Amino acid sequence: EGQVNQERLPNGDTRCHYQVAHVPGDPDNPFEATFVFGRNSQLKELSAKSTSNPERTFPTTEFTPEARSILPGSSDLAKLPNEILDRIAGHIASDDPNGVLALRQTNWHLNAVANSHITPTQRFLINHGQRLGDIGFSKADIKDLLERSEAVRGFVVENGATLHAAGHSAEDMRILAEETKAVRDFVLEHRATLHAADHDGFDMRALAKKPEAIRSFVLENGEKLHKTGRSPYDMVRLATKPERERGFVSENCEKLHKTGHNVDAMQELAEEPEAVRDFVVEHCATLHAAGHNADAMRILAEEIKAVRSFVLENGEKLHKAGHSPYDMRAVAKKPEEERQAVIEDLKTKG
């Protein structure tokens, strides 16, 4: 794996140094390996040392050349001198860029020769193409990324899988890579929290540029606000409201959401006097069961206590009998005898 360093020795032999190698079936113990090949590509020497355990080394092993002994998988092409192989690789690279990639498959020795003719673009695709495809990059996306600076490519390669898991598209990753360090760091640090709050790549970058107070509010309350119907835009808008309002909404949004309050209704209630807010929060479940929407609850909260008490006590029964919130308030304002007559009628029909 990785870079292969090839060196021509004074006696005409070739030394190939593999920085990372593995014993078949034992991928967790990598080591550096050095091979020396003769002019006919026969293996003459092999030495290695472990990269995970410095004390584990393998002494140099010399091999006696045998007639017609070539490396497994080699072809007659591998018997050519290095100068000719290099010229072949250079010709293939200039005539057919994909050909030099095929040449690398011939055997280890030709891989080292062909490696020196791979273009930076080809090397990037070899090293990262499959991984980028796995995280949603199309061929067009990869081509676009190749036209960007090395810093942008490096950021995407290093953080792509993490950002993909947080809902970023290929375009999101590229745009983020071109942002300031502060924006990049914020998104990388808080991506999971914001993704859970329904933020896409654009939303995360936009939030990263907001004042600290807004960022903190969204990070702390975002997931809860998302579950109660707020978009990322709604969250930022709420974060700009006075503490009295945003604190009320963040504290009561789950209860209010279950009783029919949408984003606008919660905000309108948050702006009401304390008495109205407290009445609705305390009795919203009862009133919701009695057919009251958010507007009807606020209207009832502003009525006198006797009206509120009558509706709270009898609202669900009146609702089942077809009475609207307006009807309930109207009945509650009638004389006692008429109110009781309505209730007795409900009992009779019940």
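The sections below treat the chain as a whole, then its cores, then Val-276.

## Basis

This is a predicted model, in which local features need pLDDT of at least 70, side-chain atom pairs count only at pLDDT 80 or more, and totals for chains, interfaces and linings use all residues. Residues are numbered from 1 along each chain as its sequence is written, and side-chain values use heavy atoms, with hydrogens and water left out.

## Overall make-up

The protein chain contains 18 helices and 5 strands (DSSP runs numbered from the N terminus: H or I of at least four residues for helices, E of at least two for strands). Of its 350 residues, 40% are buried (under 20% relative accessible area, 1.4 Å probe, protein chains only).

Among contacts (heavy atoms within 4.5 Å) with a separation of 6 or more, 47% join residues 24 or more positions apart.

## Nonpolar cores

A nonpolar core is a set of buried Ala, Val, Leu, Ile, Met, Phe, Trp, Tyr and Cys residues joined through side-chain atoms within 4.5 Å. The largest has 58 residues, and Leu-132, Phe-137, Val-249 and Val-280 have the most contacts inside it. Helix 14 gives the most to this core, 6 residues. Another core, of 8 residues, lies apart from it and includes Val-4 and Tyr-18.

Beyond its neighbours within four places in sequence, Val-249 touches Leu-225, Arg-230, Leu-238, Met-266 and Ala-270.

## Val-276

Val-276 lies in helix 14, residues 274–289, and is buried, at 6% relative accessible area. Setting aside neighbours within four places in sequence, Val-276 is in contact with Leu-269, Arg-298, Ala-301 and Glu-302. Leu-300 is 24 residues from Val-276 in sequence and 8.9 Å away, C-alpha to C-alpha.

Key. Buried means under 20% relative accessible area, exposed over 50%, partly exposed in between (1.4 Å probe, protein chains only).
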